[in-house]
Amino acid sequence: VRARAHASLARALVRQNDLAGAATSLERAQDVAAGALAARPNDAATADLVLEIELEAAQVAAFGGDWPGSLAAATKVLERADALVSEEPGDVRWNRRKADAIVRMVVPLARAGDLDGAWRRFREAEAIFTRESAADPTDQRWAERSVVLSVRMADALMFAKQPAAALERLG
């Protein structure tokens, strides 16, 4: 609970443009989550919490213009989520975290000049959203994430100075 509270505070501080405060709050969240994981290393809910906090770190880094840091944090989550998908393929939360990490990679890749990489990640996340949405059509979160993915890809295309393609992406 404390880790999520610190992460929520970090999000609020980002909205107030206090990136230093957000970073400090996220460090506290990461410390609390790491302690919880050390105490319960086989607890799936705790592992999910750690990934959630790391995704917040990727987001805060992006808001601060630290595109390499954002990409590194999202990549770390993707690697761990990939491993968890392999270990527990029936647990939908790992695909969710994997897809969320990929969504957070699209803009940093474009900012780094790797638009092809952004498109690859876009298609990878899109495939996850399509597969998971078909598996559980009542779960609207997949459709919501798909919209967020399209917006992120449009942002990436704008950074690549392709406004027509960005508008087309948004339909």
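Helix α2 passes helix α3 in a left-handed crossing; a crossing is left-handed if the near helix is turned anticlockwise from the far one by less than a right angle, and right-handed if clockwise. The model is predicted, with pLDDT of at least 70 needed for local features and 80 or more for side-chain atom pairs, while totals for chains, interfaces and linings use all residues. Residues are numbered from 1 along each chain as its sequence is written, and side-chain values use heavy atoms, without hydrogens and water.

**Stop 1: α2 and α3**

Select residues 19-39 for α2 and residues 44-63 for α3. Helices (H or I, at least four residues) and strands (E, at least two) are DSSP runs, numbered from the N terminus. The two helices pack at an angle of about 165°, with their axes 9 Å apart. Axes are lines fitted to C-alpha atoms, for helices over the stretch in contact, and angles run from 0 to 180 degrees between N-to-C directions. α2 is therefore roughly antiparallel to α3 (angles under 35 degrees count as roughly parallel, over 145 as roughly antiparallel, 65 to 115 as roughly perpendicular and the rest as oblique).

Now show the side chains in contact, meaning heavy atoms within 4.5 Å. Those of α2 include Leu19, Leu26 and Leu37, and those of α3 include Leu49, Ile53 and Phe63. The contact of α2 with α3 has 15 nonpolar, 2 polar and 2 charged residues (Ala, Val, Leu, Ile, Met, Phe, Trp, Tyr, Cys and Pro count as nonpolar, Asp, Glu, Lys and Arg as charged, and the others, Gly among them, as polar).

**Stop 2**

**Stop 3: α5 and α7**

Select residues 92-111 for α5 and residues 141-159 for α7. Their axes come within 7 Å and cross at roughly 15°. α5 and α7 are therefore roughly parallel to each other. The contact includes Val92, Arg96 and Val103 of α5, and Trp142, Leu149 and Phe159 of α7. Its residues divide into 11 nonpolar, 1 polar and 8 charged.

**Stop 4: the cavity**

Select Val92, Arg96, Asp139, Arg141, Trp142 and Arg145, which line the largest cavity. On a 1 Å grid over the protein atoms alone, a cavity is a set of points where a 1.4 Å probe fits but cannot get out, and lining residues have an atom within 4 Å of a point. Its volume is about 30 Å³, where volume is the space filled by probe spheres set on the points, joined across faces, edges and corners. α7 gives the largest share of the lining, 3 residues. The lining has 2 nonpolar, no polar and 4 charged residues.

Notes:
1 Å grid on protein atoms, 1.4 Å probe; cavity = no way out; pocket = protein on both sides within 12 Å on 5 of 7 lines; lining within 4 Å.
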